[in-house]
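User: I would like to go through this structure with you, one feature at a time. Please keep the answers plain.

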Amino acid sequence: MAYTVQQIADSLGANALGATHLEIDAVAEPSDAGPRDLALAMKPEYAEKIEHGRARAAMLWQGADWAALGLEAAIIAPRPRFALAGLSALMDPGQGWDSGIHPSAVIDPRAELAEGVSVGPLCVIGAGARIGAGTVIGPQCFIGADSVIGQGGFLREGVRIGPRVRIGDRFIAQPNAVIGSDGFSFVTPEQSGVERARATLGDQGEVKSQPYARIYSLGGVTIGDDVEIGSHTCIDRGTIRDTQIGNGTKIDNLVQIGHNVIIGRDTLLCGQVGIGGSAVIGDNVVMAGQTGIGDNLFVGNNVICGGATKALSNIPAGRVMLGYPAMKMDSQMEVYKGLRRLKRLFQDVADLKKTVSNLRQSD
């Protein structure tokens, strides 16, 4: 569907300049843009590529001289990257799926589907499940018994939702996300070497072979509104109480969230983050890729963890952390600087030893 430059700007709350009647079919990189594309040149360094394409209109940064760039029209946004969120939603062509209930879907007669729900091929929806109005369930999805999904949800291909999971409105799950798998929870008949090593910080005592007994997951998963889950991410159900994800939290691909974990509002978890069982994560936390949080730990509000941070103890609110074990980022950078100086330090010590040795020989 085509939109005029003016219509796009109005939808974004941005300013339209020049020939605002021009019609736009899609967005493109500046060097690849055609006459009906909106070129994205949101920083001056990207604008240099406009001359290599055929764009007539572009989204630019505040204060850009659009006419000098050879454009006929421009959209100026105070915060271009934020405007990109609305622009990408406006221009999204979707998945091309048909609406309605596909004949190959298996839906238990005790399930409740509200108005406008679409169910794709080969889906299975269990007894007592309730799906909110306008939710789209893609091909080969599974929704377990007594689970609830709110209004306006969107499940991509192969999403698995276990029984007794409760999910709010406007939920998005990317392909093959798994929500409500059993927790990884096992116990030995007697105190294990792992338990002793943890208590003593290293000594596991006499090694004794023991079988592991499974602790079943009787809880569920509760997810708030406006949450997004990435591909191949797993969220385990709670042992007794529910695992909880707060409103507005966004979770990337390949993230593992253990049983009983509580995550607050508007938290961002990047790829390959792992959170151990019963950890509590606050609001507005950001964890970069491969961050690891040990079980039963607490991470306060507004914490930022840099890539590959490994937390072995609680993190107070507002800290910026890095490294293994996790330290305040400024302290960790000083440690890195010290490590880089070690080779030179060793050489200095060796030179001093030679000097001292020569002095003794001369005496």
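User: To begin, where is Pro-325 found?
Analyst: Pro-325 is found in the loop between β38 (320–322) and β39 (327–328). The model is a predicted one: local features need pLDDT of at least 70, side-chain atom pairs count only at pLDDT 80 or more, and totals for chains, interfaces and linings use all residues. Residues are numbered from 1 along each chain as its sequence is written, and side-chain values use heavy atoms, with hydrogens and water left out.

User: Is the peptide bond from Tyr-324 to Pro-325 cis or trans?
Analyst: The bond from Tyr-324 to Pro-325 is cis, and its omega is near 0°.

User: Staying with the backbone, what is phi of Asn-260?
Analyst: Phi of Asn-260 is near 70°, which is a positive value in a residue other than glycine. Asn-260 sits in the loop between β28 (256–257) and β29 (262–263). With a relative accessible area of 10%, Asn-260 is buried. Buried means under 20% relative accessible area, exposed means over 50%, and partly exposed is in between, with a 1.4 Å probe and protein chains only.

User: And what about Asn-284, buried or exposed, or in between?
Analyst: Asn-284 is partly exposed, at a relative accessible area of 38%. Asn-284 has a positive phi of about 55° although it is not a glycine, and its place is in the loop between β32 (280–281) and β33 (286–287).

User: Let us turn to the helices. At what angle do α1 and α3 cross?
Analyst: The axes of helix α1 (residues 5–12) and helix α3 (residues 80–91) cross at roughly 125° and come within 9 Å. That makes α1 oblique to α3; angles under 35 degrees count as roughly parallel, over 145 as roughly antiparallel, 65 to 115 as roughly perpendicular and the rest as oblique. The axes are lines fitted to C-alpha atoms, for helices over the stretch in contact, and the angles run from 0 to 180 degrees between N-to-C directions.

User: Which residues meet in α1 and α3?
Analyst: From α1, Ile-8, Ser-11 and Leu-12 meet Ala-83, Gly-86, Leu-87 and Leu-90 of α3. By class, the contact of α1 with α3 has 5 nonpolar, 2 polar and no charged residues. Ala, Val, Leu, Ile, Met, Phe, Trp, Tyr, Cys and Pro count as nonpolar, Asp, Glu, Lys and Arg as charged, and the others, Gly among them, as polar. Contact means heavy atoms within 4.5 Å.

User: Next topic: how many aromatic pairs are there in the whole structure?
Analyst: A search of the whole structure finds 2 aromatic pairs. Trp-97 and Phe-154 form one that is tilted, at 5.7 Å centre to centre and 45° between the planes. Rings of Phe, Tyr and Trp (its six-membered ring) pair if their centres lie within 6.5 Å; planes under 30 degrees apart count as stacked, over 60 as edge-to-face and the rest as tilted.

User: Why does the pair of Trp-97 and Phe-154 tie together parts that are 57 residues apart in sequence?
Analyst: Trp-97 lies in the loop between α3 and β8 (106–107), and Phe-154 in strand β16 (residues 154–155), so the pair joins parts 57 residues apart in sequence. Trp-97 is partly exposed at 30% relative accessibility, and Phe-154 is partly exposed at 24%.

User: What about the rings of Phe-184 and Phe-186?
Analyst: Their centres are 5.2 Å apart and their planes at 70°, so the pair is edge-to-face. Phe-184 is exposed, with a relative accessible area of 71%, whereas Phe-186 is partly exposed at 40%.

User: Where is the place of Gly-183?
Analyst: Gly-183 is in the loop between β20 and β21 (186–187). At 8% relative accessibility, Gly-183 counts as buried. Leaving aside neighbours within four places in sequence, Gly-183 is in contact with Ser-217, Asp-236, Arg-237 and His-259.

User: Last one: which residues does Gln-174 touch?
Analyst: Not counting residues up to four places away in sequence, Gln-174 touches Arg-156, Val-159, Glu-228, Ile-229, Gly-230 and Ser-231. Gln-174 lies in the loop between β19 (172–173) and β20 (178–181) and is buried, with a relative accessible area of 18%.

Terms used:
Helix = DSSP H or I, 4+ residues; strand = E, 2+ residues; numbered from the N terminus.
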